[in-house]
Amino acid sequence: MLPETLQTGIAQALPVHSPRRSRGLFRGRSGAWVTGLSVLVSLLALLPIAFVIGVSWQIGWAQIEALVWRPRVGELLVNTVLLVVLTLPLCVVLGIALAWLTERSNLPGRRAWSLLAVAPLAVPAFVHSYSWVSLVPSIHGLPAGVLVSVIAYFPFLYLPLAATLRRLDPAIEDVAESLGLKPWAVFWRVVLPQLRLAICGGALLVGLHLLAEYGLYAMIRFDTFTTAIFDQFKSTFNGPAANMLAAVLALCCLAMLASESAARGQARYARVGSGSAREQRIVRLSRRTTALALCLQGVTCLLALGIPLLTLGKWLIAGGREVWQFSELLPALEQTFLLGIAGALLTTCAAVPIAWLSIRAPGRLQRVLESCNYITSSLPGIVVALALVTVAIHFARPIYQTTLTVLLAYLLMFLPRALVSLRAGIAQAPVELEHMARSLGRSPGHALWLITLRLAAPAAAAGAALVFLAITNELTATLLLAPNGTRTLATGFWAMTSEIDYAAAAPYALIMILLSLPLTGLLYHQSKRTAGR
Amino acid sequence: MNALELHGICKSFGSQRALTDIHLSVPTGSRTVIVGPSGSGKTTLLRMIAGFEFSDAGRLTLDGQVLADATQAVPAHRRQIGYVPQDGALFPHMTVADNIGFGLPAKGKSRHDRIAELMDSVALDANMARRWPHELSGGQQQRVALARALAQQPRLMLLDEPFSALDTGLRSAMRKMVARLLSQAGITALLVTHDQSEALSFADQLAVMRQGRLVQSGHPMDMYQYPVDEQTALFLGDAVVMPARIKAGWAECELGLIETNSPANHDTARIMLRPEQVHLSTTVATGCRGVVTEREFGGNTCTLTVVLDARGDQAGRTILVRSSGLQAPAAGSVVHLSTTGRAHVLNG
């Protein structure tokens with residue numbers, strides 16, 4: 001789920017060629033083929049939604065009432081709602097403060113602080129909570145949940161906020177000031193409203209993570225829907241109780257999507273007028289504010305990066321050479337790589353037809369197909385996993401407990417990552433170039449291969465890399481779906497921490513962080529590029 | 001002999017009609033220009049000839065070979081029709097040499113020589129061969145696009161507003177070069193533009209399009225002098241249009257008696273003169289009297305607005321007159337107007 005909002009922003013900034021001119025390409029069989037394939041992928045993406053509706057239908061209203069209207073569900077709902085309601089505002093405030101300081105003030109070393117504010121993303125959420133639990137074993141419940149969630153997820157708000165602050169037109173603030181507004185009022189009445197899209201998008205991303213995350217909350221013994229579904233599944237397997245909880249969780253996610261799109265509103269936030277905007281004005285901080293700001297940056301950085309790194313370092317030193325069990329680490333690394341590469345290839349290939357349609361022949365059908373994939377990818381991994389388990393057991397027994405099911409789950413969860421990149425790539429290869437190649441005597445297929453795919457290749461590779469990195473850190477669906485004996489880095493780490501062998505878990509965490517660093521770097525780089533620098 | 005023939009071409013996009021019943025013949029070796037305001041369907045027509053779009057009805061033949069009709073269509077890559085789009089559309093991942101050689105066989109010793117020869121013909125320096133498209137100026141890009149299209153020795157060359165992205169000076173130089181190259185190679189060309197002066201200067205044959213219809217086609221000078229209707233007249237240049245009574249080949253109008261090209265008698269006709277057919281004099285008091293109300297200085301020529309004297313209860317007509325820039329009378333001067341050549345009687 002992580003980089004779509006940012007990437008969508010980038011994709012939207014790219015020129016998309018007019019649909020009118022591209023219809024010729026989609027005349028006849030090739031068009032039907034591409035459409036057919038996209039419909040197929042999107043139908044697959046609808047599987048989790050179909051599962052939710054299907055199980056509700058099968059269970060029947062009476063039993064749904066019995067399963068849903070009970071104190072346990074109420075308790076989970078209260079926990080989840082409290083978690084969201086407490087975490088989101090904290091993340092928003094922290095994100096705005098840090099973004100403003102690094103983008104609009106003369107804070108010493110603000111480039112470095114900006115990088116450090118993104119860096120926590122390289123640490124998987126469950127590694128964050130692992131480091132807290134092993135540091136303060138008594139930490140648990142709602143306060144712990146809120147603390148670790150804010151620390152693990154605030155960069156999702158920081159990134160879009162910093163990017164937006166950087167590209168706001170300073171002339172608007174100049175005008176507001178010339179109309180007699182004090183600096184604080186300018187921020188409140190002019191700047192903040194323009195951050196609305198960034199806040200909505202970032203908050204949605206964080207919210208969906210809060211609903212979907214399993215490892216983080218399981219580790220600090222805080223019950224949310226996801227952890228409850230997981231426990232339920234472990235104890236009663238594919239029972240109606242787990243399925244109904246999953247249905248409620250899916251509804252929560254859809255409600256969150258809907259409220260985000262309502263909160264976006266209709267107002268226009270793009271800059272009106274032509275020409276490029278001037279440089280941002282940098283506010284000079286007084287000495288006292290500088291000290292306070294450095295304090296805030298320092299504490300955030302200490303909590304979000306210092307604690308995980310210190311804890312990891314502590315365990316690695318304490319464990320010494322013994323924790324590096326290469327006979328276990330290397331197979332885990334190998335399996336992670338194999339799953340990651342297979343999943344990335346499958347997902348990227350599946351994204352090709354839809355990405356293609358969305359650039360070459362955009363229309364209502366294509367928009368519907370695309371949104372199917374987005375909605376599914378915003379559902380928690382556990383819902384996707386339960387859907388696949390149910391479908392596999394009832395309709396496709398041979399694929400149950402095989403790698404194929406795991407790969408399908410990855411496909412459903414991470415398709416938009418590949419899609420967004422690929423779409424941007426294909427948009428960079430305008431259809432005119434393909435036409436040119438054809439008028440120079442190349443057949444349509446050959447022209448496609450020589451021109452469009454060659455031009456889109458780097459973007460496709462970037463998309464595949466994003467999917468790969470997401471898979472290396474995926475825990476929930478892999479735990480539920482992987483065939484017996486599968487051990488990836490994430491599940492290996494999980495197995496170790498479940499045995500409270502924190503030292504043995506440390507090498508797994510370290511490798512995961514190292515693997516995630518390129519992705520974090522990429523996100524940081526992309527957010528700079530969106531801002532036109 | 002005609003190279004390209006269009007017969008009753010129709011095309012709709014959804015409910016919107018883009019082209020209606022287009023008929024056009026392009027003689028072998030000639031340069032035909034399709035001119036029309038933006039949105040008139042001229043680019044659609046060009047793309048259809050190239051094979052990127054397909055008509056709903058009608059027939060398209062090139063050198064006697066049917067390229068498209070109601071049942072079949074030759075795909076673009078088998079048509080051997082060169083295409084130069086507005087922005088050049090160079091392949092961004094290939095060098096200049098690779099772009100030009102794209103349509104040539106991939107191997108062979110002659111490839112290199114042919115590329116060098118093509119670059120020379122479009123006046124590109126040989127050391128540009130290793131450059132990338134983004135390192136070229138707009139004019140250079142356009143020349144590479146032209147060389148690339150020439151490489152496959154096309155049976156027909158299509159040019160879609162190829163000069164519109166260039167600045168004025170470069171534009172006419174490019175236009176001359178393209179015209180020379182095409183006639184040297186004996187390639188039939190079809191150019192699309194919305195710029196009427198470009199159309200008039202480039203064309204052997206001119207075709208005017210409006211709202212998806214081909215309104216008129218013919219020799220540019222004929223089209224300029226004898227446009228089919230007032231709209232076409234105004235599209236191809238400034239015009240003086242006024243009511244007149246036609247009698248025995250002479251038009252009786254506010255400028256006096258003018259010879260026309262139409263023998264038919266008509267009481268309520270409309271005639272058209274080009275501003276350069278109207279001459280004005282401040283010294284000789286013959287012809288129709290008027291007063292200069294506005295003077296727009298334009299360097300070599302000056303465009304004057306003249307209000308003719310009132311006739312009875314009718315207010316005087318306002319007409320545009322050209323005058324040499326340095327001798328143009330000032331606003332407020334009394335002038336006398338006379339005409340040369342024939343007036344064109346407009347239809348309808």
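## Domains of chain A

Into which domains is chain A divided? Domain 1 takes in residues 1-45 + 324-487, and domain 2 takes in 52-263 + 286-322. The model is predicted. Taken over C-alpha atoms, the centres of domain 1 and domain 2 of chain A are separated by 26 Å.

Between these domains, 20 residues of domain 1 of chain A are in contact with 26 residues of domain 2 of chain A. On the domain 1 side, the elements that give two or more residues are α1 (4-13), α19 (364-378), α20 (381-395) and α24 (476-481) of chain A. The most comes from α20(A), with seven residues. By residue class, the side of domain 1 of chain A that touches domain 2 of chain A has 14 nonpolar residues, six polar and no charged.

## Helix α22 of chain A

Helix α22 (residues 431-439) of chain A is largely enclosed by the rest of the structure, because nine of its nine residues are buried. Among the buried residues of α22(A) are A:Glu432, A:Glu434 and A:Arg438, and the list also includes A:Val431, A:Leu433, A:His435 and A:Met436. A:Gly441 follows α22(A) and has a positive phi, near 100 degrees.

## A sheet in chain B

Chain B contains an open sheet of five strands in the order β15-β19-β16-β17-β18, with antiparallel pairing. At the edges stand β15 (278-281) and β18 (318-324) of chain B; each has a single partner strand, so one side of each is left without a neighbour in the sheet. Neighbouring strands of this sheet are turned against each other by 45 degrees on average, direction ignored.

Strand β16 (residues 288-298) and strand β17 (residues 301-308) of chain B run antiparallel and are joined by eight bridges. B:Val291 has B:Val307 in β17(B) as its bridge partner.

## Contact between the chains

In the contact between the chains, 18 residues of chain B meet 17 residues of chain A. Strand β6 (residues 81-84) of chain B supplies the largest share of the chain B side, three residues. The chain B residues that touch chain A divide into 11 nonpolar, five polar and two charged.

## Confidence

Chain B has a mean pLDDT of 88, and 100% of its residues reach 70 or more. For the model, the ipTM is 0.74 and the pTM is 0.72.

How values were computed
Residues are numbered from 1 along each chain as its sequence is written. Chains are lettered from A and ligands numbered from 1 in the order in which they are written. This is a predicted model: local features need pLDDT of at least 70, side-chain atom pairs count only at pLDDT 80 or more; totals for chains, interfaces and linings use all residues. pLDDT is the predictor's confidence in each residue, from 0 to 100. Two residues are in contact if their C-beta atoms, placed from the backbone, lie within 7 Å. Helices (H or I, at least four residues) and strands (E, at least two) are DSSP runs, numbered from the N terminus. Ala, Val, Leu, Ile, Met, Phe, Trp, Tyr, Cys and Pro count as nonpolar, Asp, Glu, Lys and Arg as charged, and the others, Gly among them, as polar. A residue is buried if 20 or more other C-beta atoms lie within 10 Å of its own, exposed if 12 or fewer, and partly exposed in between; C-beta atoms are placed from the backbone. Two strands pair if DSSP finds at least two bridges between them. Axes are lines fitted to C-alpha atoms, for helices over the stretch in contact, and angles run from 0 to 180 degrees between N-to-C directions. Domain bounds come from an automatic or database domain assignment.
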